[in-house]
Amino acid sequence: MKFLILVALLGLSLAQHDPNTKHGRTAIVHLFERRWADIAAECQRYLGPNGFGGVQISPLSESIVVTNPWRPWWQRYQPIGYNLCSRSGTENELKDMITRCNNVGVNIYVDAVINHMCGAGGGAGTHSSCGSYFNANNKDFPTVPYSGLDFNDGKCKTGSGNIENYNDVNQVRNCRLVGLLDLSLEKDYVRGKVAGFMNKLINMGVAGFRVDACKHMWPGDLSAVYGSLNNLNTKWFPSGSRPFIFQEVIDLGGEPITSKEYFGLGRVTEFKYGAKLGNVMRKWNGEKLSYLKNWGEGWGMMPTDKALVFVDNHDNQRGHGAGGASIVTFWDARLYKMAVGLMLAHPYGVTRVMSSYRWDRNIVNGQDKNDWIGPPSNSDGSTKPVPINPDSTCGNGWVCEHRWRQIKNMVIFRNVVNGQPFANWWDNQNNQIAFSRGSRGFIVINNDDWDLDVTLNTGMPGGTYCDVISGQKERGRCTGKEVQVGGNGHASFRISNMEEDPFIAIHADSKL
């Protein structure tokens with residue numbers, strides 16, 4: 001009997017590694033801080049037609065409203081309850097978005113904040129995104145309800161009540177993260193409230209969760225919560241499908257808490273990926289693209305079937321989280337497109353593309369003093385919509401990297417080559433590399449300070465292919481460069497180091 005229970009639990013946890021994407025879709029996009037109405041429209045007009053598998057959305061539960069500084073992005077990571085109203089919209093708008101995205105084959109993944117409530121200094125009053133009363137000073141959150149009985153303060157042994165030493169596992173998991181009131185997830189009552197919140201979203205049709213701050217929760221507590229979650233809604237998912245779980249665990253090495261403690265529960269965010277790739281793209285510390293021949297596990301990263309990977313995320317593009325100055329972002333557009341193109345071409349992990357907004361940076365001693373700035377907003381604090389320009393870019397300060405032709409076309413590339421092996425590697429022992437994905441796709445990158453001019457074995461059938469970086473196939477013609485592949489699979493490539501995008505990618509569906 002014990003064996004059968006163990007097998008059943010193992011099956012549940014393995015199922016939670018599957019993003020449940022539809023129609024051979026392989027990449028997700030984080031539409032950071034977007035309104036639900038804008039995400040719904042984007043699913044229908046762009047994400048669905050271009051093969052995106054899903055959207056990670058910002059935290060959606062009722063949170064504090066901070067006015068000093070003015071409405072920062074991080075206020076959404078300070079919940080005061082589980083009502084579904086945020087600056088992205090109402091519960092009805094959320095339901096409408098989930099339905100419209102699911103109907104075009106695009107999944108929704110919720111950024112779930114379940115480790116803590118708001119900061120201990122959150123005060124008292126009705127300053128929440130739903131207008132509800134709470135009193136953080138008394139640990140009183142009546143909309144849940146939570147009281148002082150539901151927090152970990154009694155188990156924290158530091159003088160401040162906050163984490164003071166990241167080498168002390170008990171502090172990291174029982175004390176407050178930067179003053180945030182730490183929930184006692186060992187209690188059945190708290191577990192039930194958290195699972196109830198997540199199950200409501202599953203019943204609405206979400207496909208899974210990015211779980212925030214997992215390093216600060218005991219794996220056994222998370223296992224109990226995940227085990228209480230419903231199967232996905234059969235209106236959109238096969239019977240018995242489990243929610244996709246990907247857990248934020250920042251592990252760059254050197255701390256006692258490691259990513260692998262969470263592997264059995266779901267996928268884990270591989271922060272080493274963007275940090276190390278940033279060093280390679282910037283050629284820091286003597287790193288070169290040619291060293292990427294064994295990229296992935298060979299670089300000390302977690303197993304590919306446990307990893308969710310990204311070039312940057314909402315934290316580290318602001319200098320928070322992990323990776324420091326090596327992280328490549330939209331501010332370095334030329335390097336960024338190459339880095340994201342490489343990520344999407346390479347088979348390692350489940351890939352997440354970032355989609356951001358601009359803010360006025362104020363760099364002092366390497367730190368951005370404006371890293372708190374929230375999304376493009378009106379004077380009353382409401383989030384601005386995302387207008388689409390005639391050239392497919394976004395207005396109102398929204399960056400929309402996922403709409404950049406080079407990135408969108410590499411999302412399609414990843415779908416076309418899905419399941420094909422990493423093959424036909426070539427490098428010049430510096431910063432020019434190429435590889436194929438079986439016989440379905442081939443990419444060549446020149447990050448050197450001189451031209452690339454070489455004939456390579458692409459592993460692909462002979463014919464004329466459209467390069468999906470400089471252009472794309474439209475009505476049987478190519479709007480960019482064309483690549484001639486001979487009957488022996490070989491093709492000649494010339495990429496100037498002065499080009500706006502010094503890389504080329506072809507795939508089976510870009511054949512003319």
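Residues are numbered from 1 along each chain as its sequence is written, and side-chain values use heavy atoms, with hydrogens and water left out. As the model is a predicted one, local features need pLDDT of at least 70 and side-chain atom pairs count only at pLDDT 80 or more, whereas totals for chains, interfaces and linings use all residues.

The chain contains nine helices and 24 strands, where helices (H or I, at least four residues) and strands (E, at least two) are DSSP runs numbered from the N terminus. Along the principal axes, the C-alpha atoms of the chain fill a box of roughly 70 × 60 × 50 Å. Of the 512 residues in the chain, 58% are buried. Buried means under 20% relative accessible area, exposed over 50%, and partly exposed in between (1.4 Å probe, protein chains only).

A pair of aromatic rings is described by the distance of the centres and the angle of the planes. The structure holds 27 aromatic pairs. Rings of Phe, Tyr and Trp (its six-membered ring) pair if their centres lie within 6.5 Å; planes under 30 degrees apart count as stacked, over 60 as edge-to-face and the rest as tilted. One of the pairs joins tyrosine 46 to phenylalanine 52 in a tilted arrangement, with 6.4 Å centre to centre and 40° between the planes. Tyrosine 46 counts as buried because its relative accessibility is 7%, and phenylalanine 52 is buried with a relative accessible area of 0%. Phenylalanine 271 and phenylalanine 310 form an edge-to-face pair, at 5.2 Å centre to centre and 85° between the planes. This pair links distant parts of the chain, 39 residues apart: phenylalanine 271 belongs to helix H7 (residues 271–282), and phenylalanine 310 to the loop between strand S11 (307–309) and helix H8 (333–345). Phenylalanine 271 is buried at 2% relative accessibility, and phenylalanine 310 is buried at 1%. Ring pairs also connect Phe32, Trp73, Tyr77, Phe330, Trp331, Tyr357, Trp359 and Trp398 into a cluster.

Charges over rings were also identified. A charge sits over a ring if NZ of Lys or CZ of Arg is within 6 Å of the ring centre and within 35 degrees of the ring normal. Arginine 403 lies over the face of tyrosine 46 at 4.1 Å from the ring centre, and arginine 71 lies over the face of tryptophan 70 at 5.1 Å from the ring centre.

Pockets were located on a 1 Å grid over the protein atoms alone: a pocket is an open set of points where a 1.4 Å probe fits, with protein on both sides within 12 Å along at least five of seven lines, and lining residues have an atom within 4 Å of a point. Grid points are joined across faces, edges and corners, and a volume is the space filled by probe spheres set on the points. The largest pocket has about 650 Å³ of space. It is lined by 24 residues, of which Trp73, Leu177, Val178, Leu180 and Asp315 are the closest to its centre. The lining of the largest pocket comprises 12 nonpolar, seven polar and five charged residues. Here Ala, Val, Leu, Ile, Met, Phe, Trp, Tyr, Cys and Pro count as nonpolar, Asp, Glu, Lys and Arg as charged, and the others, Gly among them, as polar. The second largest pocket has about 380 Å³ of space. Of its 16 lining residues, Gly324, Ala325, Arg361, Ile363 and Gly366 are the closest to the centre. The lining of the second largest pocket divides into three nonpolar, eight polar and five charged residues.

Most residues other than glycine have a negative phi, and most peptide bonds are trans. The peptide bond from asparagine 68 to proline 69 is cis, with omega near 0°; proline 69 is in the loop between strand S2 (54–57) and helix H3 (91–103). The bond from valine 144 to proline 145 is cis as well, with omega near -5°, and proline 145 is in the loop between strand S6 (134–135) and helix H4 (169–174). Alanine 213 has a positive phi near 60° and counts as buried at 6% relative accessibility. Alanine 213 lies in the loop between S8 and H6. Cysteine 214 is placed in the loop between strand S8 (208–211) and helix H6 (219–227) and is buried, with a relative accessible area of 0%. The C-alpha atoms of cysteine 214 and asparagine 115 are separated by 7.4 Å, with the two residues 99 apart along the chain. Arginine 475 has a positive phi near 50° and lies in the loop between strand S20 (473–474) and strand S21 (477–478). At 80% relative accessibility, arginine 475 is exposed.
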